[in-house]
Amino acid sequence: SGTRTDLVFLVDVDFVPSSLLLRDLRADTALLSLLELTRTAAVIPAFEVDASSPLPTSQSALAVLCAEGSASPFHVRHFPAGHAPTDF
């Protein structure tokens with residue numbers, strides 16, 4: 001009720017979403033239907049890229065950077081415990 005759209009993409013200030021994310025989401029009609037008709041959240045993985053590397057423009061380019069060690073899942077190197085199972 002606090003938005004003027006059906007879907008909301010909540011991001012951190014330092015998050016740079018893919019320029020093709022909206023196009024790719026619109027192409028997945030099953031996912032869109034699920035998101036629009038249910039109280040479902042889509043979890044978009046975040047990666048950090050070394051400052052000396054260019055931002056990848058495709059999943060395959062990201063995979064290459066990960067294989068080279070120039071990219072990794074967000075904060076896994078800095079705070080591995082934050083990405084481990086939690087026992088509440």
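Student: Which residue does Arg77 form a salt bridge with?
Tutor: Arg77 pairs with Asp50, and the closest N and O atoms of the two are 3.3 Å apart; a salt bridge here is a side-chain nitrogen of Lys or Arg within 4 Å of a carboxyl oxygen of Asp or Glu. The pair links distant parts of the chain, 27 residues apart, with Arg77 in the segment after strand S2 (71–73) and Asp50 in the loop between S1 and H3. Helices (H or I, at least four residues) and strands (E, at least two) are DSSP runs, numbered from the N terminus.

Student: What should I know about the model and numbering?
Tutor: This is a predicted model, in which local features need pLDDT of at least 70 and side-chain atom pairs count only at pLDDT 80 or more, while totals for chains, interfaces and linings use all residues. Residues are numbered from 1 along each chain as its sequence is written, and side-chain values use heavy atoms, with hydrogens and water left out.

Student: How many salt bridges in total?
Tutor: The count comes to two, and Asp24 forms one with Arg23, where the closest N and O atoms are 2.7 Å apart.

Student: New topic: is Ser53 buried or exposed?
Tutor: Ser53 counts as buried because its relative accessibility is 16%, where buried means under 20% relative accessible area, exposed over 50% and partly exposed in between (1.4 Å probe, protein chains only).

Student: And what does Ser53 touch?
Tutor: Leaving aside residues up to four places away in sequence, Ser53 touches Leu65 and Ser70, contact meaning heavy atoms within 4.5 Å.
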